[in-house]
Amino acid sequence: MVQPDDFEAWRDEARRLVARGVSPDATAWGEPDGPADLFATAVLPNLPSDPLPQVRASRAFLDLARCVILHRDPTRLSLLYRVLWRLQKHPRLIEDSADRDVATLEGMAKQVRRDIHKMRAFVRFRSTPDQDGIERFVAWFEPEHRIERANADFFVNRFASQRWSILTPRLSLHWDGEQLLEGPAVSRGDAPAEDATEELWLGYYRSIFNPARLKVGMMLKEMPRRYWKNLPEARQIPDLIAGAHKREAAMIATGADLFEREAKPASLQAIAGGIAQCRRCAIGCNGTRAVMGEGPPNSDLMIVGEQPGDTEEREHRPFIGPAGQLLDQILGEAGVNRAGAYVTNAVKHFKFTPRGKRRLHQPPTAGEIDICRWWLDGERALVKPKVVLALGASSARGLLGRTPAIGRERGQAIRLSDGTLIWLTAHPSYLLRLDGDARTREHARFAQDIAGLAQILAANGVSQMQLQREMRVN
Ligand code: URA
């Protein structure tokens, strides 16, 4: 049966009509749910026989059409057909953004892309036991357009190893770890209500809601009101906004940061659970898995990178991709055993921009690093390292709360108020981006900084033997 978001079916039908010379005025387009199960009804001219003329459609048009077909507006079909028809005479029509038809299609595509992005950001899974007792994550979502199927691959890739279902008023999607199945429409009442983690998440959201940073306009742009009803944290927003000015005044009066006044996480496990749920910033909402630090939980040395990369997100471990391998090598050459250190990142989720099938690293903003500092501080408070190696400016910001000039401040120990020493250097991926002499020079500088770290460790009673022992104990 042809579905209203079935681009290939629409394309085949549109091609057939254009090839037979059926002008847009002679067609009536509608959703393919009638008995004929076609998009268009048209009187076909009685042409003698094939071969029919070739139909021209640029890649740009096909890409745009693939997106626009997902729009809920029923007029999209006749509009697409009219543009395809016009393309036969004006093959470059689609490049003319001033053309009314093209501009309308681009506007529709933009709305669809935004809806796709919002679904990725605002789907909230709740844990429910499946018939066999195994956990299934179920979410309810109300898209504006017909984007569910087009978005399914994203969720399959992100949550490949878990069972999940996304229920919507149009259809439901079910992933069992191997196969994606489609089911009928579901009503809001059939979605599970709350689970044990929800209270934690709500408490966390209250705690990180910073009244001094409240910009209601920005918040509504990022999290439009229509999504609020299905976001557990959004139920609290009106109250939080109402109380924001009072809380801001209290913050100013006491000079206290409300963030700091919340109870710190009690264990590394609590942090692992917390970051998995964290949606405080856009990176947390991008559907990737948070990557927790790893290593001996009482190590005297903590190593902090910027954020997990593509490999780290997939494997769910910090610093195991190319930058991590280079780091291990240079640490080893200086006699520092990485396995004895607690290794983590300033930002817990992977920020990227998709490029075809690849995910290209994007640096986190200062604001995103500052938000994630809550978790990094929590890890530091629990592990209590004597020395922290900060790799690059983002890591340093996460630790110091300011962005230092790495060139000026690297290779020096900075003492925090609690006595911890921060040893600052460049990020190993910076070396990987260089070639030739520049790479040799920066490699030597980095190795020199790491040799300095080894000395600081020794001077603070953290011998290599101790790092080895911590590794064995854990
Ligand atoms: N870069 C980082 O900063 N951290 C990782 O975990 C991997 C690459």
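1. Aromatic pairs. In this predicted model, a search of the whole structure turns up 11 aromatic pairs. One of them joins Trp29 and Tyr81, whose rings are 5.2 Å apart from centre to centre, with an angle of 40° between the planes, and the pair is classed as tilted. Trp29 belongs to strand E1 (residues 27-29) whereas Tyr81 belongs to helix H3 (residues 76-87), so the pair ties together parts that are 52 residues apart in sequence. Both Trp29 and Tyr81 are buried.

2. A cluster of rings, and charges over rings. Ring pairs also link Phe125, Phe154, Phe155, Phe159 and Trp164 into a cluster. One member of that cluster, Phe154, has Arg158 lying over its face, at 5.5 Å from the ring centre. An arrangement of this kind is found for Phe352 too, where Arg359 lies over the face of the ring at 5.2 Å from its centre.

3. Which residues are around the ligand? They are Gly305, Glu306, Gln307, Pro308, Gly309, Glu312, Pro318, Phe319, Asn345 and His427. Sorted by class, this shell has 3 nonpolar, 5 polar and 2 charged residues.

4. A polar backbone atom of Phe319 lies 2.8 Å from an oxygen atom of the ligand, and a polar side-chain atom of His427 lies 2.6 Å from an oxygen atom of the ligand. For Asn345, an N or O atom of the side chain is 2.7 Å from a nitrogen atom of the ligand. Taken alone, the ligand exposes 230 Å², and the protein buries 92% of that.

5. Phe319 in its loop. Phe319, which is one of the residues around the ligand, lies in the loop between helix H11 (310-315) and helix H12 (322-333). Although Phe319 is not a glycine, its phi is positive, at about 50°. Is Phe319 buried or exposed? Its relative accessibility is 5%, and because a residue under 20% counts as buried, Phe319 is placed in that class.

6. Lys384 in another loop. A positive phi is also found at Lys384, a residue other than glycine, where the value is near 55°. Lys384 sits in the loop between helix H13 (366-383) and strand E12 (387-391). Its relative accessible area is 60%, and because a value over 50% counts as exposed, Lys384 is classed as exposed.

Note on methods:
Residues numbered from 1 in each chain as written. Predicted model: local features only at pLDDT ≥ 70, side-chain atom pairs only at ≥ 80, totals over all residues. Heavy atoms only, no water. Phe/Tyr/Trp six-rings, centres within 6.5 Å; stacked < 30°, edge-to-face > 60°. Helix = DSSP H or I, 4+ residues; strand = E, 2+ residues; numbered from the N terminus. Buried < 20%, exposed > 50% of the residue type's maximum accessible area, 1.4 Å probe, protein only. Lys NZ or Arg CZ within 6 Å of the ring centre and 35° of its normal. Near = heavy atom within 4 Å. Polar contact = N/O pair within 3.5 Å; in protein donor to acceptor, adjacent residues only side chain to side chain. Areas by Shrake-Rupley, 256 points an atom, 1.4 Å probe, with all protein chains shown as cover. Nonpolar A, V, L, I, M, F, W, Y, C, P; charged D, E, K, R; others polar.
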